[in-house]
Amino acid sequence: MNSCVKLVPIALRCQQRTISTSSVLEGKRNFRKFNVYNKRGTRVVKEAQKTMANPPVSIHKRGVRDTGIMVDGQYVEIPEKIPDIIVPDLTGCKLKPYVSYKAPDVVQSEFTSLDLFNAVYSQKIIEDFKAGTLQADGSAKEPSANEQLTPAEALQRARKTGSDIF
């Protein structure tokens, strides 16, 4: 009888029901939701990826673009496709990389052709007018370098990299 009293708590513990929030997968996993690029496949598949021009399983490049093309089985680099990162020299710069949220909003109107004219030509025209060095048709007797540009040269200079920095 004493042995039965000792076995009752053990029997009750074995009969406890547990609640599980995950289903029993019986060893099966859904590998389609795990992105393991270039890691799956046999040695034969990996050798085919290295040697064949168009392998059965292509090599995943993780979003990196090629910097060249294949021509007659040879890889040819194209200099225009290689990224060129231009980093300015910031030695002696007093600005800090942090901008406070308390900084006032800057509202700037559109930069029009009149603003461009005032920034480039107006000062020289006013000086020529005050000095009396204008010709009868209104052109300058001694034109500046900007005034001597042809329309084609001015267009080329305007489309040049860095021309928007005054």
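# Close-up views of a predicted model

Read along the sequence, the protein chain runs α-α-β-β-α-α-α. This is a predicted model in which local features need pLDDT of at least 70 and side-chain atom pairs count only at pLDDT 80 or more, while totals for chains, interfaces and linings use all residues. Residues are numbered from 1 along each chain as its sequence is written, and side-chain values use heavy atoms, with hydrogens and water left out.

**View 1. The protein chain as a whole.** Five helices and two strands make up the secondary structure. Helices (H or I, at least four residues) and strands (E, at least two) are DSSP runs, numbered from the N terminus. Of the 166 residues, 4% count as buried. Buried means under 20% relative accessible area, exposed means over 50%, and partly exposed lies in between (1.4 Å probe, protein chains only). The protein chain exposes about 16700 Å². Carbon and sulfur atoms supply 57% of that area. Accessible areas come from the Shrake-Rupley method with a 1.4 Å probe; for residues, only the protein chains shown count as cover. Among contacts between residues at least 6 apart in sequence, 13% join residues at least 24 apart. Contact means heavy atoms within 4.5 Å.

View 2. Strand β1 (residues 68-71) pairs with strand β2 (residues 74-77) in the antiparallel sense, over four bridges. Two strands pair if DSSP finds at least two bridges between them. G68 stands opposite E77 in β2. V71 stands opposite Q74 in β2. Two residues lie between the strands, and D72 takes a positive phi near 55°. Most residues other than glycine have a negative phi.

View 3. The phi of R62 is near 55°, a positive value in a residue other than glycine. R62 counts as exposed, because its relative accessibility is 54%.

**View 4. The salt bridge of K61 and D66.** A search of the whole structure finds three salt bridges. A salt bridge is a side-chain nitrogen of Lys or Arg within 4 Å of a carboxyl oxygen of Asp or Glu. D66 forms one with K61, and the closest N and O atoms are 2.9 Å apart. K61 has 44% relative accessibility, so K61 counts as partly exposed. D66 has 36% and also counts as partly exposed.

**View 5. The salt-bridge network at K124.** K124, D128 and E147 are linked in a network of salt bridges. K124 bridges to D128, with the closest N and O atoms 2.7 Å apart. Both K124 and D128 lie in helix α4, four residues apart, about one turn of the helix. K124 also bridges to E147, with the closest N and O atoms 4.0 Å apart. This pair links distant parts of the chain: K124 sits in helix α4, E147 in the loop between α4 and α5 (151-158), and 23 residues separate them. E147 counts as partly exposed, because its relative accessibility is 28%.

**View 6. The surroundings of D128.** D128 lies in helix α4. D128 is buried, because its relative accessible area is 9%. Leaving aside neighbours within four places in sequence, D128 is in contact with T133, L134 and A140.

**View 7. The nonpolar patch on the surface.** F111, L114, L116, F117, V120, Y121 and I125 form this patch, with about 600 Å² of accessible area together. Patches are made of residues with over 30% relative accessible area and no salt bridge: like charges are joined within 9 Å, nonpolar side chains (Val, Leu, Ile, Met, Phe, Trp, Tyr) within 5 Å. Helix α3 (residues 113-120) gives the most to the patch, with four residues. I125 is found in helix α4 (residues 122-131). I125 has a relative accessible area of 36%, so I125 is partly exposed.

**View 8. The aromatic pair of F117 and Y121.** The structure holds one aromatic pair. F117 and Y121 form this pair, which is tilted: 5.8 Å centre to centre, with 40° between the planes. Rings of Phe, Tyr and Trp (its six-membered ring) pair if their centres lie within 6.5 Å; planes under 30 degrees apart count as stacked, over 60 as edge-to-face and the rest as tilted. F117 is partly exposed, with a relative accessible area of 38%. Y121 is partly exposed too, at 31%.
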